[in-house]
Amino acid sequence: MSRAKTSLTALILALGACASAPDPEAEAQAEMARAIEDAMKPATPEEIEAANNSDPLTKANF
């Protein structure tokens, strides 16, 4: 009986760990959303000044 309880307890703990683990897909989507939001922010005055003072080839990328 003790052995059966031990196995059952281990099974319950394993299932609980799986159920409470964060979803990697949801985390990846949240990270992608944050990256998109950061990319959509307007440039700071320092970034604009650096782009204006850069060489012509770099200016073409903006």
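These are my notebook entries on a predicted model of one protein chain.

**Ground rules.** I number residues from 1 along each chain as its sequence is written, and side-chain values use heavy atoms, without hydrogens and water. The model is predicted, so I took local features at pLDDT of at least 70 and side-chain atom pairs at pLDDT 80 or more, while totals for chains, interfaces and linings use all residues.

**Fold.** I looked up the secondary structure and found four helices and zero strands, in the pattern α-α-α-α along the sequence. Helices here are DSSP runs of H or I with at least four residues, strands runs of E with at least two.

**Surface.** Of the 62 residues, 3% count as buried (buried is under 20% relative accessible area, exposed over 50%, partly exposed in between).

**Ser-54.** I found Ser-54 in the loop between helix 3 (45-52) and helix 4 (56-60). Ser-54 counts as buried because its relative accessibility is 18%. Its side chain reaches the backbone oxygen of Ala-51 at 2.7 Å.

**Patches.** I then checked the surface patches, made of residues with over 30% relative accessible area and no salt bridge; like charges are joined within 9 Å, nonpolar side chains within 5 Å. A salt bridge needs a side-chain nitrogen of Lys or Arg within 4 Å of a carboxyl oxygen of Asp or Glu. Leu-8, Leu-11 and Ile-12 form a nonpolar patch with about 300 Å² of accessible area together; Leu-8 sits in helix 1 (residues 2-20). Asp-23, Glu-25, Glu-27 and Glu-31 form a negative patch. Glu-27 lies in helix 2 (residues 24-40) and is partly exposed at 45%.

Methods: Accessible areas come from the Shrake-Rupley method with a 1.4 Å probe; for residues, only the protein chains shown count as cover. Buried means under 20% relative accessible area, exposed over 50%, partly exposed in between (1.4 Å probe, protein chains only). A polar contact is a pair of N or O atoms within 3.5 Å; within protein, one must be able to donate a hydrogen and the other to accept it, and residues adjacent in sequence count only if both atoms are side-chain atoms. Lys and Arg count as positive and Asp and Glu as negative; His and the chain ends are not counted. The place of a charge is taken as NZ of Lys, CZ of Arg, CG of Asp or CD of Glu.
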